[in-house]
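Please examine the structure shown below.

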Amino acid sequence: MEGTLYMEEKDRERTDGKEMDSEEELELKDAEKEAFEVKVDIEAAKLPEEPSFVVISSQGCSEALFKIAFDQDLVEVGKVQVEQKEKTHDCLKVFALKGLILIQVDGSLQSSFCPAIVEQLWAILKAKKALNCIVGFQTLYKTMYTTGEGGHLQIDQEQPLPIKYITTSFAKEGGTLKKFFGLKLSQVALDNQFNFVGGLMGAFLVQSEMEGVEAAAFKVIVDEHRVTSESLRGYQPLLQHLLGFKSVNLDEVHQFRQFRPVLKEMNAKANSIFN
C-alpha cells in the first residue's frame, strides 16, 4: 500500500494573497520537519475473514505472552513503518492467530504516528469484516498506576494480579465483552479517571467510539519491571475467558518451549531501559 504523507497543511501564500511573514514561515518549516509517511505492507489475503477479535498488544509482557503461548501458531502477515526525516521507524507487526488478528507494537512507534496509522489500518480491518471487537493488552508497573486517592495501587501477593479496563460505550448486550464482565472476576475492575489510555490503543478506542465498535483496553498491573512467570499468569483470565483459549494454561507457562528464550530476549530489552 502506498504511503501517505502527513503534515499540517499550510500554504506558502495566505488566502489574502500576501506573502507569509517570518513567523508563518517558521511554522511551515516546523510542520515540514514533523511530516511523516505511513507505509502499510500487509498481505490482506492472509488475514482471517470476520475474526472474533483484533488484539492490540503492547511491548513487554503482552508481547512475550503471545510469543510464548502461540509460537507455532503466529503467522506474520505484514508490518507498518513510518518514514520521517529520512529515517525509517518499524512501528507494528501484524499476525494471523487462530481466527483473530494480532497487531504487535514494535520498535519506535511514536504517539504522533498513531491516528494516521489507525486511519489506514481501519480501512483494511473493515474490508475483512474484522471490526467485531477490538481489545488492547498492556502491562503497567504498579507505581505508574494512580488510584482515586492519589496514591499507588497495592498488590496482594496472595491474590491474582489486578486487571483494569476501559471500554467504548458500545459493548453489546450478549456480546463478548458483556459476557466477560458478567463473570465478575475478582481481579477485573473498571479503571478510574486518573489513568488514561494513549498510544495505538488510545487511537483505536477513539476511532471505535466514533464508529460504534465494541472495544476495550486492559491493563495488567504488576510489581516487577521484568517479565516473569507471575506477570504472564496475570493474563490468564483474558486468554481463557475473553479470547477463548481455554487450553492455554499459564500456570504451567514455565514449561512452554519458548519460555526461557523469550524471557531472556524481553528482559534484556527491559534492562537496557531501567539500568
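How many residues does helix α5 have, and what distance does it reach from its first C-alpha to its last? In this predicted model, α5 covers residues 199–211, which gives 13 residues, and it reaches 19 Å, close to the 18 Å expected at 1.5 Å a residue. The buried residues of this helix include Leu-200, Met-201, Phe-204 and Leu-205, and also the polar Gln-207 and Ser-208. Just after α5, Gly-212 adopts a positive phi of about 75 degrees.

The protein as a whole has 8 helices and 10 strands. Of its 275 residues, 46% count as buried. Among contacts between residues at least 6 apart in sequence, 74% join residues at least 24 apart. The accessible surface comes to about 14800 Å², and carbon and sulfur atoms account for 48% of that area.

The salt bridges number 10. One of them joins the side chains of Lys-219 and Asp-191 at 3.5 Å, N to O. This pair links distant parts of the chain, with Lys-219 in strand β10 and Asp-191 in the loop between β9 and α5, 28 residues apart. Lys-219 has a relative accessible area of 4% and is therefore buried; Asp-191, at 13%, also counts as buried.

Another salt bridge is formed by Lys-98 and Asp-73 at 3.6 Å, N to O. Lys-98 lies in the loop between β5 and β6 and Asp-73 in the loop between α2 and β4, so the pair ties together parts 25 residues apart in sequence. Here Lys-98 is exposed at 53%, whereas Asp-73 is partly exposed at 32%. Finally, Glu-63, Lys-67 and Glu-265 are linked in a network of salt bridges.

Definitions and conventions: Residues are numbered from 1 along each chain as its sequence is written. This is a predicted model: local features need pLDDT of at least 70, side-chain atom pairs count only at pLDDT 80 or more; totals for chains, interfaces and linings use all residues. Side-chain values use heavy atoms; hydrogens and water are left out. Helices (H or I, at least four residues) and strands (E, at least two) are DSSP runs, numbered from the N terminus. The expected span of a helix is 1.5 Å times one less than its number of residues. Buried means under 20% relative accessible area, exposed over 50%, partly exposed in between (1.4 Å probe, protein chains only). Contact means heavy atoms within 4.5 Å. Accessible areas come from the Shrake-Rupley method with a 1.4 Å probe; for residues, only the protein chains shown count as cover. A salt bridge is a side-chain nitrogen of Lys or Arg within 4 Å of a carboxyl oxygen of Asp or Glu.
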